[in-house]
Amino acid sequence: MKSPTRSSPFFLVSTLAVAVSSGHAVAGGFEKATLWDAEYSALAGAAVSSVDDSSAIFFNPAGMAFAESNDIALHVSPTFTQVNGPADGNTFIEGETNFSPAGGLTGLYKLNDKFTMGYGVYASGGAAAKYEDVTVGSLASVTDDYSTDIKIIEAGLGLSYRINRNWSVGGTYRLTYATADINMVSALGPVGVAVGYNDMSGFNTFGVRLGAMYRSDDNRWGWGINYRSEVDIEADGKASFRSGSPSISPIDDYSDVDATAETALPMQISTGIDYQVAPHWTLFGEITYSEYSNNEQIKFTSDDAPATGLAVPAINTNWEDQYNYRIAAEYTGIENWALRAGYIYTTAVVPEEYAAPTFSTPSNAHSFTLGAGTSILDGQVDLDFAAVYDTVENDDVKGGGDLTDTTTSYPGKYESSSYSLHASATYRF
């Protein structure tokens, strides 16, 4: 891994005071703690030991081997996010509420008793943050929107193998695509400046997920593990910079400049168990580790920049590794219904020293999940629903870290929250 220069289109934003958007602005990192599948979102994302349908292409490809039928599923997950912080460097500003459509389409086909194939296209991350009409600069001010819009989409093709009654293994080939459209403002001394990275996009054409799963003879308990490889992406787009007073700014104004940023989704490992403690009660537990500590710096390059160079050639992030601790329960004592609830504790990725308004809030996050599922058409169609609330707050961020060669992190109050609704329809055949 290229730790000193690791960068990301989810990071494709920064000002001279630096703000970089992470893939999910609430708990940290590039991905939301729960994603598009309604059943497993209601279970706090604790799917690695029990997933046995086409969503296994994402959660644990080994689970496809335990599927009892072919299926195709549609998932929708509208998400509303608000990120608040000292966007002008001094005042706590409430950001706009942003709507992010998310979802996926997955499918599974049993080739024979041993091999099962899966496929899917789905959202795997993203960020949305916006502060309208932020003014910066005491001598020569600039007023503009401070915003981030990032989308990360993954296409997967998987294969699983049923070793015996209890064990299976599987793998998913991943194609990852990321886009970013970011605009921000900051102050370089007394001069206000606006920095933009727009229409950024890039692919990674090789990534994998590898998994293994064990189910007991009576199917009362199970264990699973899922490994996700790191993926690197080069994102190409346009960079711009303008100052409140070009005559006193040390950087030349520019627009429509070709620029490139590197991106990385880190290596991730999840492992978990589920156990049926009573005839209608099952408990789930899972730990997810994401190796974000390799993202030490963000670097932007351009062969088309003016003589003074890009306004933000490098951002010091110094992220920390992330852990998600997931617990959940499912109750099936009501005929043809399953009731689900869960909780996720997510450790902070962003250190207080390197906080910025469109970074993840530098504190541990909490996610609360609730949902239900039922079957219709004689069990041929499953319908699942979930609601998720994520929250994180830090009232006394110290800041002060060198985010670039010329700027430091803002102190103050930072907070983020999101609401997401999930609905999945699975047709079995």
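Helices (H or I, at least four residues) and strands (E, at least two) are DSSP runs, numbered from the N terminus. The structure is a predicted model, in which local features need pLDDT of at least 70 and side-chain atom pairs count only at pLDDT 80 or more, while totals for chains, interfaces and linings use all residues. Residues are numbered from 1 along each chain as its sequence is written, and side-chain values use heavy atoms, with hydrogens and water left out.

The nonpolar interior comes first. A nonpolar core is a set of buried Ala, Val, Leu, Ile, Met, Phe, Trp, Tyr and Cys residues joined through side-chain atoms within 4.5 Å. Buried stands for under 20% relative accessible area, exposed for over 50%, and partly exposed for values in between (1.4 Å probe, protein chains only). The largest such core holds 47 residues, and Tyr197 and Phe300 touch the most other members. Two or more of its residues come from each of strands S6 (115–136), S7 (142–162), S8 (167–188), S9 (191–215), S11 (231–243), S12 (254–265) and S15 (297–301). Another core lies apart from it and has 23 residues, including Trp36, Leu43, Ala44 and Phe59.

Charged pairs are next. A salt bridge is a side-chain nitrogen of Lys or Arg within 4 Å of a carboxyl oxygen of Asp or Glu, and the whole structure contains 19 of them. In one, arginine 228 pairs with glutamate 31, with the closest N and O atoms 2.0 Å apart. This pair links distant parts of the chain, 197 residues apart: arginine 228 is in strand S10 (residues 221–228) and glutamate 31 in the segment before helix H1 (38–42). Arginine 228 is buried at 3% relative accessible area, and glutamate 31 is buried at 10%.

Arginine 242 and aspartate 144 form another salt bridge, with 3.1 Å between the closest N and O atoms. Here too the partners come from distant parts of the chain, strand S11 for arginine 242 and strand S7 for aspartate 144, 98 residues apart. Arginine 242 is partly exposed, at 36%, and aspartate 144 is partly exposed, at 28%. Lysine 398 and aspartate 396 also meet through their side chains, at 3.0 Å from N to O. In that pair lysine 398 is exposed, with a relative accessible area of 55%, while aspartate 396 is partly exposed, with 46%.

Aspartate 199 lies in strand S9 and is exposed at 59%. Leucine 377 sits in the loop between strand S19 (365–376) and strand S20 (381–397) and is exposed at 57%.

Serine 409 is in the loop between S20 and strand S21 (412–428), and at 3% relative accessibility it is buried. Its side chain reaches the backbone oxygen of alanine 355 at 2.4 Å.

On a 1 Å grid over the protein atoms alone, a cavity is a set of points where a 1.4 Å probe fits but cannot get out, and a pocket is an open set with protein on both sides within 12 Å along at least five of seven lines; lining residues have an atom within 4 Å of a point. Grid points are joined across faces, edges and corners, and a volume is the space filled by probe spheres set on the points.

The largest pocket has a volume of about 1100 Å³. It is lined by 39 residues, of which Glu39, Ser50, Asp52, Glu68 and Asn219 lie nearest its centre.

There are two cavities of 30 Å³ or more. The largest cavity holds about 320 Å³, and of its 30 lining residues Ala33, Phe58, Gln268, Thr288 and Arg326 are the closest to its centre. Helix H2 (56–59), S10, S13, S14 and strand S17 (322–331) each give two or more residues to that lining.

The second largest cavity has a volume of about 40 Å³. Its lining consists of Asp37, Glu39, Asp53, His75, Asp382, Asp384, Ser424, Thr426 and Arg428. S21 supplies the largest share of this lining, three residues.

Conventions:
Polar contact = N/O pair within 3.5 Å; in protein donor to acceptor, adjacent residues only side chain to side chain.
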